[in-house]
Amino acid sequence: MDDFTIATSRGHLTIAEALDTDHDMIPTLLSGQQNDKFKDELERRRSDIEKLIQRHLRIPQSQIMLSQRSDWIQGSFNICLPVRITNTRSSRLPRQVIIRFVLPHGVGEPFSPGNVDEKIRCEAATYVWLHQTHPTIPIPRLFGMGVPGFTSIENESWWNWTIWHLRRSLAWPHGKTLSPYFAHRREALTDLGYLLIEHVVEGKMLSSSFKASRHDGNRRANLYRGLARIMLRLASVPLPRIGSWTMDDRGIVSLTNRPLLDLTLFFGKHQIPTDIPRNMTYTSAQPFIHDKFAYQENRMRHQPNSILSKADGIGQLSALANLRRLQSRFWDQRSCGGPFVLTLPDMHQSNIFVDDDWNVTSLIDLEFAPVAPVQIWKVPVWLSDRGVDQIERPDFDEYQSLYNEFVSAIEREEEAGGQDNTYSSKLRQDWSTGNFWYSTALGSIDAYPAIFDQHLQQKLDDADKVTLTQFCGEDVSEFIEKKLEDFRRYEERIHEIFEEAKAREGVGSRAGDMLEGAEAREDEVKKVKKTFEEAEACEGLGEWRGGEEGRKDGQFTDCDSGA
């Protein structure tokens with residue numbers, strides 16, 4: 001057995017581990033070198049980073065303490081640098097902030113130029129919209145961003161504050177509202193995208209206590225109540241179209257960007273085209289759902305290891321075709337025109353901060369918060385701490401009980417706010433009709449075959465099920481054969497990457513650094529993975545463990561279970 005490992009953002013991986021997954025592991029295996037190179041660049045430019053923070057916070061550089069490299073938090077899409085502020089006399093500033101840089105290779109910038117800019121603009125605009133529209137929803141303060149440069153007006157000089165008010169008055173007659181951020185030229189790090197945000201100090205990540213305390217009824221009630229209030233507040237503001245908020249160079253926020261999904265950047269990283277222009281928005285759910293299916297078709301066509309065997313290919317393509325067949329049952333013409341509401345599909349255990357009693361203290365990571373049809377508005381899938389495709393009996397019964405408990409929390413909040421039971425009734429209907437599972441399957445990377453098999457195929461009579469002959473106009477058998485050839489080349493490339501890594505490091509020297517014994521190595525991998533998952537909140541969309549056997553046995557761990 002080859003014990004040689006390659007360091008990645010998911011820990012040290014052996015060649016067996018790299019091959020035993022249906023995710024394309026090539027970008028992951030190459031990410032270690034890319035991440036180190038990016039960190040080296042940041043390290044060389046520490047002074048520029050401090051000057052950048054100085055500009056945004058309007059404090060002397062001597063009062064800024066940028067963390068050491070060992071304290072930086074590495075994820076798949078971002079790298080976070082904690083910063084201490086020693087100026088404690090100013091009430092307008094926290095004691096700690098985070099400057100979060102987007103990893104260009106992590107979001108597929110080389111393959112799809114503009115992804116970094118799009119990600120920063122959409123997330124910043126979401127922060128602005130939430131602070132202005134729902135100030136009671138707890139999120140960190142945004143102090144500045146680099147898209148070009150914007151600084152919160154509260155930290156600007158009197159002169160710039162005056163200029164901002166003049167700009168706002170000029171925009172108002174045109175029906176535009178200027179966000180409370182002053183646009184200015186960037187003098188440092190102009191080639192990098194970043195956000196400067198408040199460091200959350202109140203509470204801890206829900207993920208740090210979820211396994212140990214999820215059976216505590218009181219804590220669960222507090223959590224469900226807090227999440228229900230947030231969801232209902234978001235649902236109370238209908239919006240005119242499906243898309244994502246974005247910010248232009250003037251600082252004007254508008255709902256004019258395509259729905260920025262985790263899949264969008266994930267596909268860019270893996271060189272899978274989405275074929276959706278950045279300025280594409282939807283006034284009907286029909287084309288939006290059509291494009292969701294197109295995402296899956298593009299993944300099947302362009303991901304080199306999307307099909308592992310003939311049986312696997314037939315299973316995936318059949319599930320996708322039959323999901324299309326079911327569309328009319330869950331999306332009729334009456335529901336396609338809205339309402340559309342801002343959703344938080346990335347609201348899961350590591351993006352929720354709670355106090356000791358599980359009262360929600362903050363939500364973080366608003367990078368994927370599209371405005372979507374209310375039909376997609378659903379109960380989180382992670383309530384039972386299982387993956388989206390692992391909820392079978394007896395886990396199914398537990399999840400159903402937790403689902404009903406969450407819906408009851410929604411209902412109580414509706415009644416407390418003097419509302420009717422529109423949303424709690426909708427969620428109960430989603431469960432009874434299967435729309436909950438249908439919406440979950442549409443948002444999945446590759447768990448939709450298992451979700452279809454477990455929860456949706458019984459909705460179709462045998463006569464209604466699709467008999468596969470073609471996929472995107474191509475003979476199915478021929479398509480699968482091409483994909484199996486892609487898979488063979490993919491495995492060869494994985495072997496090449498490991499051989500290249502051995503050659504760089506020297507097998508002998510690497511062997512001397514190997515952990516002693518398989519158990520020690522496994523413990524290290526688990527520790528690194530746990531740190532990564534808590535730091536970046538399933539940002540890399542999870543990992544399906546188990547190869548083809550995993551797919552057949554339903555052993556996916558697709559992180560869109562609330563992500």
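In the predicted model, Ile352 stands opposite Leu363 of strand S16. Local features were taken at pLDDT of at least 70 and side-chain atom pairs at pLDDT 80 or more, whereas totals for chains, interfaces and linings use all residues. Residues are numbered from 1 along each chain as its sequence is written, and side-chain values use heavy atoms, without hydrogens and water.

Strand S15 (residues 352-354) pairs with S16 in the antiparallel sense, over three bridges. Pairing requires at least two DSSP bridges between two strands. Helices (H or I, at least four residues) and strands (E, at least two) are DSSP runs, numbered from the N terminus. The open sheet has three strands in the order S11-S15-S16, with antiparallel pairing. S11 (204-205) and S16 (360-363) are the edge strands; each has a single partner strand, so one side of each lacks a neighbour in the sheet. Helix H7 (residues 217-235) packs on this sheet and touches S15 and S16. Its direction makes about 45° with that of S16. Contact means heavy atoms within 4.5 Å. Axes are lines fitted to C-alpha atoms, for helices over the stretch in contact, with angles from 0 to 180 degrees between N-to-C directions.

A hairpin is formed by S12 and S13, with five residues between them. Three bridges join S12 (residues 244-247) to the antiparallel S13 (residues 253-257). Ser244 stands opposite Asn257 in S13. In the turn, Gly251 has a positive phi of about 95°.

The model contains 34 salt bridges (a side-chain nitrogen of Lys or Arg within 4 Å of a carboxyl oxygen of Asp or Glu). Arg100 pairs with Asp365, with the closest N and O atoms 2.7 Å apart. This pair links strand S6 (residues 96-102) to the loop between S16 and S17 (371-373), across 265 residues. Both Arg100 and Asp365 are buried (buried is under 20% relative accessible area, exposed over 50%, partly exposed in between; 1.4 Å probe, protein chains only).

Arg278 meets Glu118 at 2.9 Å between the closest N and O atoms. Arg278 is partly exposed at 29% relative accessibility, whereas Glu118 is buried at 3%. Asp249 forms a salt bridge with Arg121, the closest N and O atoms being 2.7 Å apart. Asp249 is partly exposed at 48%; Arg121 is buried at 12%.
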